[in-house]
Amino acid sequence: MAMHADSGIMEARDDIMVTNTLGVHARPASMIVETALKFQSNIYIQYKGNMVNAKSIMGLLTLGAAQGSQLTVICTGPDAPDALEALRQLFASGFGEA
Amino acid sequence: MEIRMQGLGVSPGIAVAPVIVHARGRWHVPVYAISNPEAEIERFHLALESAREDLLRLYAQTTAALGSGHAAIFQAHLMILDDPVFQEEVSELVRSRLCNVEHALDRVSREYLEKMGQLAEFHLQDRHADILDVVDRLMERLLAVQPRRLADIEEPVILVARDLSPSETVGLNRELVQAIVVEVGSVTSHSAILARALQIPAVIGVPSITAKVIPGQFLVVDGSDGTVILDPEPNTQRRYRQERETFLRRQAVYAGDTSRGPAIMADGQAVILQANIELPAEVAHGLRAGATGVGLFRTEYLFLGRNDLPREQEQFEAYLDVVRAANGQPVTIRTLDIGGDKLSSAFSAYHEANPQLGWRAIRYCLAHPELFRAQLRAILRASAFGPVRIMFPLVTGPDEFRRARDFMKQVMLELRDENIPFDANVPVGAMIEVPSAVMTADILARECQFFSIGTNDLIQYSLAVDRVNEKIAHLYDPCHPGVIRMIAQVVNAANARGIECAVCGEMAGDPLYAELLIGLGVLTLSMAPVAIPFVREAISELDTASARQFALQALSIDSSEDIRNLLAQRYTKRTARLNSSPVPETAP
């Protein structure tokens, strides 16, 4: 994780693995938006040269990240570390799939 | 000349009316240059605001009518509408190209849909349809075109469509849409479930009907038996109009009927009437119709039309809704009764040549312990809040029943270890719908706390008839001597062990068969809520001794036709008297 305070703006980023069987399909995409909207920070998810805003359901639906994909999550803003942690937990939970 | 077509009746009721054909159309989107982009973007924001109000209203209406599960689709639409990146991209295109906002909206949404289309393995078809729905909603406002929404139908019509989305179905005007006929779908599809919940007569599975009908043409639809008649002859029209009048008049009378509790026969014998339901919201329909509890809660709706499995908590909340709504009356919850072919392809790109004889129901559940465990845990947790019974579908014999019950016992131990409350004495029973279960009913009766005969499947399996196949549908015959003997054998096996034997198939909801079933010893009938008052009335005319005698007679007759004639004769004699008695005028 990289974190630095630069003129009051924090950035937190880390690589996160997609662990659930079905990958980032419709329901995980909605859950990511719901989580991201709780934070002020800008949150981006980078995958295979594609960068989407985690608050955009349309963007997430075009991400196409299957199980085992490595994503980079980049949070910028006053609550960046918390946002990153929340997303990390969401991915680790496998989005509640059995 | 009139043309008859046969579909599957999934929501009872009769309609005779002109047709409208519903086809999803795309817009002709104009392109023109603009000089004031900010004014153009303001138009966009007004459209967004107005669409949002609409969606919030639909969400509230649907939640109230059908529960939050069915309303979730509008939450998904709101999330699309409120997508900040999407909105900004449309606005940015207006600014950079100085083009009208409709064109920008069209271009941006197309790009997303194309990208999603390349991700076939993610099964985003539903979201694809949702995005189109939201874009349509915005276009309607921007282009100031008359919304072509089905909710705006102005005359009584029969709606014919390839399929209807949930948002289209719940938006229907129930006063004007007299019936629905769709080409695709199954009894458990969304449009079927919603039509039943909304009490709109519906027939599904009528291939290419949208191509066969001309808008404005007359149609007869019978949602009970799946008949659809194109260009009905004057005589046919008259007959169905009469049937419709009778149905509606009696329904209106029954709506004011406050009969509750068991149906009482002329000699005082009580017969328990329960409701078959698909959705928690239907418990209220059942109770209003006078049901004593829920005899069959089909849980399939929780599993259909989605990309994932419902989690234990979600299931628990649904079962709890039903238990609470039943208000202390018993609720029989049937475990999952579909198979790999019906669950989303996200789980299994699994197809079977013969799903009816395939990997489904209890077989599927026993092969998927995690799925089965989550459902049983959810049901057991709900059993702490009111009387619940658990029923396993498609049981073929004692070993299979024991395996399912032992699995449930193990789940009970897990709950006990976790200190989660449940009813340790929850009754467990088998749905009797396979001939081998009939032949082993005496053994099963030692293991089960109740039986419920699913006559639809029992008839199909024992007569080897797929009733959806129009070439042989007429061979589906509840009066077949083989069927009557099987019902008798199951009831006798249950009575010998003192356990309840209910009937929950369509036979239970048809007043015609009440005397036969009761005569065979069945004292619990579970049916669609709409049928309850009719069956209650038929039962009030019956007498235990003569029903017994009639059943014995029926068991000795050697021809289906003779049995059916006798049944109909006795029934007509009784109803002739009922129908001649004056029906009080009631406001609709």
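T335(B) is found in the loop that lies between β12 (331–334) and α12 (361–367) of chain B. In this predicted model, T335(B) counts as buried, because 22 other C-beta atoms lie within 10 Å, and the cut-off for a buried residue is 20 or more.

**Around T335(B)**

- Leaving aside residues up to four places away in sequence, T335(B) touches T299(B), C365(B), Q375(B), I390(B), F392(B) and P393(B).

**The open sheet of chain B**

- Eight strands of chain B form an open sheet in the order β1-β8-β7-β3-β4-β5-β6-β2, and the pairing within this sheet is mixed.
- At the edges stand β1 (3–6) and β2 (8–11) of chain B, each with a single partner strand, so one side of each is left without a neighbour in the sheet.
- From one strand to the next, the twist averages 30°.
- Strand β5 (residues 177–182) of chain B is mostly covered, since six of its six residues are buried.
- Strand β4 (residues 157–161) of chain B runs parallel to β5(B) and is joined to it by five bridges, with V157(B) standing opposite V177(B) in β5(B).
- β5(B) also pairs in the parallel sense with strand β6 (residues 202–204) of chain B, over two bridges, and here the bridge partner of V181(B) is V203(B) in β6(B).
- An antiparallel pairing is found between strand β7 (residues 218–222) of chain B and strand β8 (residues 227–230) of chain B, which are joined by four bridges; in β8(B), I229(B) is the bridge partner of V220(B).

**Helix α17 of chain B and its partner α18**

- Within helix α17 (residues 455–463) of chain B, the residues T455(B), L458(B), I459(B) and Y461(B) are buried.
- These buried residues of α17(B) pack against β14 (428–432), α15 (435–439), β15 (450–453), α18 (481–497), β16 (500–503) and α19 (506–509) of chain B.
- Just after α17(B), the residue A464(B) takes a positive phi of about 55°.
- How are α17(B) and α18(B) placed relative to each other? They pack at an angle of about 125°, with their axes 10 Å apart, and are therefore oblique to each other.
- In passing α18(B), α17(B) makes a right-handed crossing.
- L458(B), I459(B) and S462(B) of α17(B) make this contact with G482(B), V483(B) and M486(B) of α18(B).
- By class, the residues of the contact of α17(B) with α18(B) divide into four nonpolar, two polar and no charged.

**Helices α3 and α4 of chain B**

- The axes of α3(B) and α4(B) lie 9 Å apart, and the two helices pack at an angle of about 130°.
- α3(B) and α4(B) are therefore oblique to each other, and α3(B) passes α4(B) in a right-handed crossing.
- On the α3(B) side, F86(B), E89(B), V90(B), L93(B) and V94(B) meet V101(B), A104(B), L105(B), R107(B) and V108(B) in α4(B).
- The contact of α3(B) with α4(B) has eight nonpolar, no polar and two charged residues.

- Chain A has three helices and five strands, which follow the pattern β-β-α-β-β-α-β-α when read along the sequence.
- Of the 98 residues in chain A, buried residues make up 42%.
- Among the contacts in chain A with a separation of 6 or more, 70% are accounted for by residues 24 or more positions apart.
- The contact between the chains takes 19 residues from chain A and 24 residues from chain B.
- On the side of chain B that touches chain A, the elements that give two or more residues are α2 (68–81), α3 (84–97), α4 (101–117), α5 (125–142) and α13 (369–382) of chain B.
- The residues on that side of chain B divide into 15 nonpolar, two polar and seven charged.

How values were computed:
Residues are numbered from 1 along each chain as its sequence is written. Chains are lettered from A and ligands numbered from 1 in the order in which they are written. This is a predicted model: local features need pLDDT of at least 70, side-chain atom pairs count only at pLDDT 80 or more; totals for chains, interfaces and linings use all residues. A residue is buried if 20 or more other C-beta atoms lie within 10 Å of its own, exposed if 12 or fewer, and partly exposed in between; C-beta atoms are placed from the backbone. Two residues are in contact if their C-beta atoms, placed from the backbone, lie within 7 Å. Ala, Val, Leu, Ile, Met, Phe, Trp, Tyr, Cys and Pro count as nonpolar, Asp, Glu, Lys and Arg as charged, and the others, Gly among them, as polar. Axes are lines fitted to C-alpha atoms, for helices over the stretch in contact, and angles run from 0 to 180 degrees between N-to-C directions. Angles under 35 degrees count as roughly parallel, over 145 as roughly antiparallel, 65 to 115 as roughly perpendicular and the rest as oblique. A crossing is left-handed if the near helix is turned anticlockwise from the far one by less than a right angle, and right-handed if clockwise. Two strands pair if DSSP finds at least two bridges between them.
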